[in-house]
Amino acid sequence: MASTFTPRRTARSHKASELALDWLRHDRSSSTVLATANQFLAIEELLHQKVRFAADTHCKVAHIEGQRITLAVPSPAYAARLRQCSTSILQCLQETGWKLTDVQVMVQASLGSTQHMPKPARNVQPLDANALDAFQDLHQSLEPGPLATAIAKLIKNHGPT
């Protein structure tokens, strides 16, 4: 009597990110990629916590080879400042167990793109009743046109709700 094969069903999630991470964990050649990425992220997090300048910039770990770490920054000005902080960076990394003796800095202009930077906070001062009355008087004295439209929007946006 022949037995029939029924495949085992696993309780894996079908999310693409989880499948990719699962593949990276279990594939022998790509598991080193995941381990390296985790090391880089751990170092970046450490630098952002301990070294104030690294937290203010888009400082990323680009490479670790032997006892040299290569950090990437978005501009030459950041690179010069980071080179000045290299001793404190090495000290911070050595205190946490990293056996590194040299910091190399590399400029990558794409790190400074505006999509990663938060928008600056707007400094908005609300208009008081006298200012709104003055704009209302100005609006009534203007002929229809772009200026009158802009002032009408201003009154609408800043008027009482």
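In this predicted model, helix 2 (residues 31-50) and helix 5 (residues 86-95) cross in a right-handed sense, where right-handed means that the near helix is turned clockwise from the far one by less than a right angle, and left-handed that it is turned anticlockwise. Because the model is predicted, local features need pLDDT of at least 70 and side-chain atom pairs count only at pLDDT 80 or more, while totals for chains, interfaces and linings use all residues. Residues are numbered from 1 along each chain as its sequence is written, and side-chain values use heavy atoms, with hydrogens and water left out.

**Helix packing**

- The axes of helix 2 and helix 5 come within 11 Å and cross at roughly 120 degrees, the axes being lines fitted to C-alpha atoms over the stretch in contact, with angles running from 0 to 180 degrees between N-to-C directions.
- Helix 2 and helix 5 are therefore oblique to each other, since angles under 35 degrees count as roughly parallel, over 145 as roughly antiparallel, 65 to 115 as roughly perpendicular and the rest as oblique.
- On the side of helix 2 the contact (heavy atoms within 4.5 Å) is made by I43, L46, L47 and K50, and on the side of helix 5 by I89, C92 and L93.

**Salt bridges**

- The structure holds two salt bridges, each defined as a side-chain nitrogen of Lys or Arg within 4 Å of a carboxyl oxygen of Asp or Glu.
- One of them joins E44 to K60, with the closest N and O atoms 3.9 Å apart; this pair links distant parts of the chain, as E44 belongs to helix 2 and K60 to strand 1 (residues 60-65), 16 residues apart.
- E44 is buried at a relative accessible area of 12%, whereas K60 is partly exposed at 37%; buried means under 20% relative accessible area, exposed over 50% and partly exposed in between, with a 1.4 Å probe and protein chains only.
- Leaving aside neighbours within four places in sequence, E44 is in contact with C59, K60 and V61.
- D102 forms a salt bridge with R68, and here the closest N and O atoms are 2.8 Å apart.
- Because D102 lies in strand 3 (residues 102-107) and R68 in strand 2 (residues 68-73), the pair ties together parts that are 34 residues apart in sequence.
- D102 counts as partly exposed at 28% relative accessibility, and R68 is partly exposed with a relative accessible area of 38%.

**Cysteines**

- The count of disulfides comes to zero, a disulfide being a pair of cysteine sulfur atoms within 2.5 Å.
- For C59, the closest cysteine sulfur is that of C85, which at 9.7 Å is too far for a bond.
- C59 is buried, with a relative accessible area of 2%, and C85 likewise counts as buried, at 8% relative accessibility.

**Overall layout**

- The chain comes to seven helices and three strands, where helices (H or I, at least four residues) and strands (E, at least two) are DSSP runs numbered from the N terminus.
- From the N terminus on, the order of these elements is α-α-α-β-β-α-α-β-α-α.
- Of the 161 residues in the chain, 24% are buried.
- Among contacts in the chain with a separation of 6 or more, 48% are between residues 24 or more positions apart.
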